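Please read the points with the model open.

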Amino acid sequence: MSKHVLIVSPIPSHPQFQGNSARIYRLNRMFQLCGYQVHFLYFGMEGLNEKQQQEMERQWDYFHFVKPEGPAAEPSFDEYFDIDDWYDERISDYVDELCQTWDFDVCLANYVWFSKVLEVVPETTQKVIDTHDVFGDRHIVAKEAGLEPVWFYTTKEQEAYALDRADIVLAIQDEEKAYFETITTKQVEVLGYVVPYQPLVSTKNEKIVVGYIGSGNPFNIESLRVFQEAVMEVPALMQRFKFVLGGTVCKAFSELNEIFDIVGLVDDLDEFYREIDIAINPMVGGTGLKIKSLEALSYGKSLLATEDAMVGIPSFDALHKSTSIKEMVNNLLNLDDKRLHDLLQNSKIVFERYNSEHINNFKNIFG
């Protein structure tokens with residue numbers, strides 16, 4: 001007899017051109033691979049085109065859609081959002097109807113701010129929140145980093161209230177598990193980002209191609225700006241390396257750009273990673289798990305990264321966890337053929353260990 005999981009999300013699973021969509025897609029797939037029938041309910045905060053709908057209908061056993069009636073609500077409070085500001089009661093009505101037809105073993109809400117749906121499902125259904133990130137005091141963290149808070153942010157008290165709606169809280173990395181355990185008595189488990197190993201052989205180029213692909217969030221833009229500044233202080237780097245930038249970050253960064261070949265939106269991630277030799281993630285600050293780091297490792301690429309870009313991804317290679325962007329750029333400057341070979345091998349080992357751990361975590365939690 002098949003098990004059934006209802007996954008409710010304000011973010012689509014297709015396409016996977018940003019970290020949250022990639023996370024949702026991979027977690028859904030893990031349920032499928034473990035024998036669950038996946039019911040995916042998408043509340044269309046990011047719209048829905050015909051191709052997306054067809055892809056999600058093909059991929060998931062059941063696809064459901066609730067269309068928003070307008071843009072996301074403004075914050076209820078002066079400084080932050082109420083935890084349910086972005087929730088739509090029509091989702092509860094829809095899920096209530098689904099529960100009349102299906103006996104769901106698990107209901108998983110993506111994000112604490114969509115946790116209200118868990119109040120609708122019966123007690124016999126295991127209630128899960130996939131947190132993705134920390135949203136309590138997120139606006140304070142952003143302001144301390146000199147950035148304007150964007151997207152959703154609330155207080156620790158509101159976040160704790162939301163977590164208490166669940167039976168199990170999924171943190172994406174250990175540091176966030178430790179935080180959540182300080183604000184809720186509910187079971188908290190770490191479940192990272194699991195993606196198949198899919199190594200790609202790079203196209204041969206005259207220069208070594210260094211690449212970054214990501215979304216245009218403020219932390220990414222600021223990190224790239226600091227990286228670019230550090231590279232420009234060492235002109236010799238431009239003689240040996242070619243720097244390539246892809247993804248929605250290109251639109252936001254293009255006016256600041258001095259060193260990158262701008263690729264823009266990429267239809268197929270394979271194309272981007274096939275063209276590069278080294279992936280970089282010069283992240284400074286930010287929260288959550290840096291899925292771009294794992295994505296690069298999954299494509300069999302050497303990765304140069306900062307400590308912040310590797311939070312939740314244990315590594316024994318110093319080039320994976322530079323203490324600053326300046327140090328990271330110096331590491332790039334000193335990268336000879338042997339060290340590049342070792343970095344490639346170490347990147348593969350780090351990825352395989354990470355994947356194995358989190359596949360086992362999933363099986364332990366959901367069978």
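1. Buried means under 20% relative accessible area, exposed over 50%, and partly exposed in between, with a 1.4 Å probe and protein chains only. By that scale R339 is partly exposed, because its relative accessible area is 26%. The model is predicted: local features need pLDDT of at least 70, side-chain atom pairs count only at pLDDT 80 or more, and totals for chains, interfaces and linings use all residues. Residues are numbered from 1 along each chain as its sequence is written, and side-chain values use heavy atoms, with hydrogens and water left out.

2. R339 sits in helix α13 (residues 337-366). Helices (H or I, at least four residues) and strands (E, at least two) are DSSP runs, numbered from the N terminus. R339 touches D317, A318, L319 and N346, leaving aside residues up to four places away in sequence. Contact here means heavy atoms within 4.5 Å.

3. S298 belongs to helix α11 (residues 291-298). S298 is buried, at 1% relative accessibility. Beyond residues up to four places away in sequence, S298 touches V195, P196, Y197, Q198, P199 and F351.

4. How many salt bridges does the structure hold? There are 14 salt bridges. Each is a side-chain nitrogen of Lys or Arg within 4 Å of a carboxyl oxygen of Asp or Glu.

5. R90 and E69 form a salt bridge at 3.9 Å, N to O. This pair links distant parts of the chain, 21 residues apart: R90 is in helix α3 (residues 89-101), and E69 is in the loop between β3 (62-66) and α3. R90 is partly exposed at 28%, while E69 is exposed at 69%.

6. E89 and K116 meet in a salt bridge of 2.6 Å, N to O. They too link distant parts of the chain: E89 lies in helix α3, K116 in the loop between β4 (106-110) and β5 (126-130), 27 residues apart. E89 is partly exposed, at 42% relative accessibility.

7. R165 pairs with E119 in a salt bridge, the closest N and O atoms being 3.0 Å apart. R165 is in the loop between α5 (156-163) and β6 (168-171), and E119 is in the loop between β4 and β5, 46 residues apart. R165 is buried at 10%; E119 is partly exposed at 47%. Elsewhere, salt bridges that share partners join E69, D88 and R90 into one network.
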